[in-house]
Amino acid sequence: MTALSIDNLRKTYKGGVQALRGISLEVEKGDFFALLGPNGAGKSTAIGIICSLVNKTSGQVKVAGYCLDRERAQVRRQIGLVPQEFNFNQFEKVFDILVTQAGFYGIPAWIARERAEHYLRRLGLWEKRDNAARTLSGGMKRRLMIARALVHEPEVLILDEPTAGVDIELRRSMWEFLSELNRRGKTIILTTHYLEEAESLCRGIAIIDHGVIVENTNVRALLEKLQVETLVLDLAQPLSQAPEIGEFSIHLRDPRTLEVEVPRGTPINEIFLELARHEIPVMSLRNKTNRLEELFMRLVEQNLPGEQY
Amino acid sequence: MSWYQLWVAFGTIVVKEVRRFLRIWPQTLLPPAITMTLYFVIFGNLIGRRIGEMGGFDYMQYIVPGLIMMSVIQNSYGNVVSSFFGTKFQHSIEEMLVSPMPNLVILLGFIAGGMARGLCVGLIVSLLALFFTSLHMEHAWITVLVVVLTSALFSIGGFINAIFASKFDDIAIVPTFILTPLTYLGGVFYSIDMLSDFWRGVSMLNPIVYMVNGFRYGVLGVSDVNVAASLVTIALMTLALFCYAWWLLHRGVGIRQ
Ligand SMILES: Nc1ncnc2c1ncn2[C@@H]1O[C@H](COP(=O)(O)OP(=O)(O)OP(=O)(O)O)[C@@H](O)[C@H]1O
Ligand SMILES: [Mg+2]
C-alpha cells in the first residue's frame, strides 16, 4: 500500500521559476521517509502541492490511494502538515489553536478538547495551554505545530524541516517522538538539511535538487553506493610534499594535514606502515565528513544547474 | 464532509471570529460607540436643535437610523477585511487551506463573523441612541431584513477586499476613499429630496442610499426611495458579490500560488 505517490509533478511559479521539473516518488505506508535537498531545491513546493497550499502546473498526486484532483477532501484528511514557517495566529491561545484546527476538520469541540490535551501533554506544552502563541519560544512553537498537525489523527505526517532552529536536546526528543509515532504505524515524511537526521531516522530517502529527483532509494542502499571514504590525518611535523603510498590517492591539504582516499573494503594498515617508514608521525585520524553528506554533495554536483538558472 | 462536520467547521470559524473581535474590543466595539455618541451629541443635539424638522421628525430622530446603518456597514466590512487579511498575512489561512473544509464554508464563516460584529455594534449604537431620543419600530421585519442583508453585503465586500490586498495599505483604501464618502452622501444626514434633480439622480446610483432609507423606513416609516426596490437592490447586490467572492476563492486568487 502506498501512502504517497507522485507522478511527473511539475510546478512553474508566476514569474517563470521552475521549482519542480517532473518529479516522481513513492512512499510506502508505514515508512519513515526523508526528502533531502539544498536550499531552493523544491522541497517546500512539493509539500505545498501535496497539502493543497500550492497549485500544481501538471502531474499526479495520490495520498493513501486518493487522487488529489478528484478527491481533495479525502486527501486533505489523510495528511497532517508541519510547515517550514510558523503559520498560526500569534495572538491565539495554544489550546484554542488546536481545538480550532480540529474544528476545521469537522471534529466537534468536546472531542477536540480531549485530543488537544493529549497532544499538548505529549509534546510538553500543557503548561503553556493558556498562553498566546507568540509568547512561546521557537522550539515550543515548532512543537505546537506538530501537535496541531496530529489533532485530526492523519495517516501521513509531513514535516518540512522540523528541526530547523531547534537545539540538540530538543532535536533528540523530537526524533524519539517521531520514531515512536512511526513505530505505531504512522507514515512520516520529512525534509531536512541535516543529513544525520535522515541517516538515523529514516528508511526511504529521496534527494532532490533543482526540481529534479537525483536519487530515490533507501538509506542503507544509498550508503552502500559510497565507494570511497576520505581519511584526514593530522601530522606532528609539517611536510612539503605528500608521500606516495601504494595505490592510495593522497594529497596534502596543508603542510600538517594529509587526505587519503580509501576505496571500500581496503585495509588501511598499509597507510600507517608506509607513513612509519617515511618517519611521519600521525597525531590523529578522522573521517572527512559525514559519509552521507559526501555522497549528497557528489550527487548534487553531478546535477549542476541547467540553462534555466 | 458530512453535514454535521460542515456545521462544526462553520461554527469553528464563527467562534474564532467572534472571539477575535471580543478579545480586541477596545479596537472593535469601543470606537464606534464613542464616535456615534459624539455624532448624537453634536449633530443630533447641538446642531440638530437649530435644524428643526426633517422628513416630519426632529433631526436627532431622523439621523439615528442612518448612523446605526453607518456603523453596521463600517464594522461588518472592517471585521472581515482585517481578520481575513490578518490570516493571510500571518499565514494562518493555511490552517484552513490544508483542511477538507470547502471554500463555501470558509466564505460563509467569515461573512457570519462580520455580521456578528456589525450587528453587535449596531445594537450597541441603538442602545446608546436611546439616551438621546426615543425609537420605535414601525416595521420590525423590514428593519431586521435590511440590516441583516446590509451587514452580509459589506462583510462580503470586506472579504473581497482582503483577497486582493497584499499589504496593510490595501485594506484602508476602500474604506477611506469609497465607503466613507458613499456613506456620507448616502442620505445619513439629509433627505435626498432636498437635492436638485441632477444630484438626486446621481444619489440614486449610490447603493448606500437604499440601505439607509430601507432601514429608516423600518424604524420611522419614512423613506426617500421605494422600499421594495431597496430590498431587491440590496439582495441582488449581496447575491452577486457572494458569487464573485466564492469564485475568487475557488480560483485561489491571492491565496494559493
Ligand atoms: N511563491 C513563490 N513564488 C515564486 N517562486 C517561488 C515561490 N516559492 C518558492 N519559489 C521558488 O521555487 C524554488 C523552490 O523553492 P522551495 O521553497 O520549494 O525550496 P526548498 O527546497 O523548500 O528550499 P529550502 O530548503 O530553502 O526551504 C526556489 O527557486 C524558490 O525561489
Ligand atoms: Mg523549504
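Let's start with the sheet in chain A: six strands make an open sheet, in the order β6-β7-β8-β3-β9-β10, and the pairing is mixed. What stands at the edges? Those are β6 (79-82) and β10 (212-218) of chain A. Each has a single partner strand, so one side of each lacks a neighbour in the sheet. On average, neighbouring strands here are turned by 15° against each other, direction ignored. And before I go on, please keep in mind that this is a predicted model.

Strand β3 (residues 32-36) of chain A and strand β8 (residues 187-192) of chain A pair in the parallel sense, over five bridges.

Still in chain A, let's look at β1. Strand β1 (residues 2-12) of chain A pairs with strand β2 (residues 18-28) of chain A in the antiparallel sense, over eight bridges. Here K11(A) stands opposite L20(A) in β2(A). The hairpin of these strands has five residues between them, and G15(A) takes a positive phi near 100° there. β1(A) also pairs with strand β4 (residues 58-63) of chain A, antiparallel again, over five bridges. In that pairing, D7(A) has Q60(A) as its bridge partner in β4(A).

Over to chain B, and a helix pair. Helix α6 (residues 103-129) of chain B and helix α11 (residues 227-251) of chain B pack at about 130°, with axes 9 Å apart. That angle makes α6(B) oblique to α11(B), and the crossing is right-handed. From α6(B), the contact residues include L104(B), I106(B) and L107(B), while α11(B) brings in, among them, F242(B) and W246(B). How do the residues of this contact divide? Nine are nonpolar, two are polar and none is charged.

Last, confidence. Chain B averages a pLDDT of 91, and 100% of its residues score at least 70. For the complex, the predictor gives an ipTM of 0.90 and a pTM of 0.87. Thanks, everyone!

Terms used: Residues are numbered from 1 along each chain as its sequence is written. Chains are lettered from A and ligands numbered from 1 in the order in which they are written. This is a predicted model: local features need pLDDT of at least 70, side-chain atom pairs count only at pLDDT 80 or more; totals for chains, interfaces and linings use all residues. Side-chain values use heavy atoms; hydrogens and water are left out. Axes are lines fitted to C-alpha atoms, for helices over the stretch in contact, and angles run from 0 to 180 degrees between N-to-C directions. Helices (H or I, at least four residues) and strands (E, at least two) are DSSP runs, numbered from the N terminus. Angles under 35 degrees count as roughly parallel, over 145 as roughly antiparallel, 65 to 115 as roughly perpendicular and the rest as oblique. A crossing is left-handed if the near helix is turned anticlockwise from the far one by less than a right angle, and right-handed if clockwise. Contact means heavy atoms within 4.5 Å. Ala, Val, Leu, Ile, Met, Phe, Trp, Tyr, Cys and Pro count as nonpolar, Asp, Glu, Lys and Arg as charged, and the others, Gly among them, as polar. pLDDT is the predictor's confidence in each residue, from 0 to 100. Two strands pair if DSSP finds at least two bridges between them.
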